[in-house]
Amino acid sequence: MTAAQVEIDDHESITNLDNGEIFDSDQLGNFSGDSTILLNEGSTEYDVIKNCFISGMGLFSNDTTIVTIRKNSTERITTKARIAAFRVFTDAMTRKNNGDANVKCAWYCGSSKEEIDNIISYGFSNREIEKFENDVRSHGVGINLVHHRCSLAAAVVGEGDEEGIKHLLLCRVILGKPELTISGSKQSYPSSTWFDSGVDNLENPRRYVIWSSNMNSYILPIYIVSFRSPRLTGLSGYGRAKSPCVSFSVIMSVLSKSLDPHRMNLIMTSYDDFRKRKLRREQLVRKMREVVGDHLLFKILKNQSHQK
């Protein structure tokens with residue numbers, strides 16, 4: 001296979017790996033028990049997904065290293081059922097839209113290891129929907145994903161684990177006939193039966209929204225990319241380990257001067273639960289992002305890091 005063949009130019013480079021189906025393999029990984037398969041570094045499949053991910057990281061590509069790439073295993077009966085259902089809905093969408101189901105490959109926005117684990121095991125849930133309700137960057141209250149060439153947009157909002165490793169989920173997505181949805185939109189279902197999904201731009205879409213009613217029918221998780229990107233982790237402020245750290249106590253002190261009493265009380269309640277070990281770190285971070293917003297959090301993290 002030539003370099004040009006491996007290079008990702010559109011979603012077909014991914015789907016053509018397996019003729020639209022997920023590979024079977026005997027090499028099992030442990031991301032989520034036996035629900036994922038570890039890809040061999042240097043294999044065609046590994047190289048295609050690696051190139052897809054790295055090429056979308058922009059200025060951070062040279063600073064980013066892949067730890068592992070895994071794929072959803074077809075050995076589990078539930079996964080087989082989801083693949084079968086995805087085919088059924090793809091066929092139905094093809095008939096609805098005059099021969100074009102408009103299937104794309106896209107990165108799910110902002111995932112922790114725990115979240116991906118649950119999605120692979122059980123599918124998407126209201127927990128994922130709620131994450132986008134108060135996110136000003138979202139283009140609707142549904143599952144938000146980004147174009148497969150835009151991995152940076154998904155990676156920058158992802159949550160790093162204790163070792164500074166982030167994880168992204170690459171999915172197949174049935175868009176059907178999309179409609180335009182603006183940033184910060186509270187739309188949660190199609191505006192008419194003509195439309196099937198939402199996008200940020202009709203001519204050159206980069207962000208996709210799948211409504212909650214179709215989230216486990218129109219989205220099929222395929223690959224998990226685990227990676228390190230020190231500069232990116234430092235920018236987002238959500239990783240630990242090798243990133244410039246700002247303690248929660250410092251963040252709380254700064255927030256107390258910026259937030260109204262109601263929002264500050266919400267944050268302090270969650271922070272107290274975290275200190276009492278009633279709340280996990282990633283849950284506290286998620287709550288802070290929901291209440292405070294990423295713009296203000298990024299600003300605080302950057303300012304505090306520069307003062308060190």
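**View 1. L145 and its bridge partner in β8.** In this predicted model, L145 has Y208 of β8 as its bridge partner. Strands β4 (residues 142-147) and β8 (residues 207-211) pair in the antiparallel sense over 5 bridges. Two strands pair if DSSP finds at least two bridges between them. Strands (E, at least two residues) and helices (H or I, at least four) are DSSP runs, numbered from the N terminus.

**View 2. The open sheet.** Its 9 strands run in the order β1-β2-β9-β5-β3-β4-β8-β7-β6, with mixed pairing. β1 (36-38) and β6 (178-180) are the edge strands, each pairing on one side only.

**View 3. Helices α10 and α11.** The axes of α10 (residues 261-275) and α11 come within 10 Å and cross at roughly 175°. Axes are lines fitted to C-alpha atoms, for helices over the stretch in contact; angles run from 0 to 180 degrees between N-to-C directions. α10 is therefore roughly antiparallel to α11; the term covers angles over 145 degrees. Contact (heavy atoms within 4.5 Å) involves, among others, L266 and F274 of α10 and L284 and V291 of α11. The contact residues divide into 8 nonpolar, 1 polar and 3 charged. Asp, Glu, Lys and Arg count as charged; Ala, Val, Leu, Ile, Met, Phe, Trp, Tyr, Cys and Pro as nonpolar; the others, Gly among them, as polar.

**Notes.** Residues are numbered from 1 along each chain as its sequence is written, and side-chain values use heavy atoms, leaving out hydrogens and water. In this predicted model, local features need pLDDT of at least 70 and side-chain atom pairs count only at pLDDT 80 or more, while totals for chains, interfaces and linings use all residues.

Terms used: Parallel < 35°, antiparallel > 145°, perpendicular 65-115°, else oblique.
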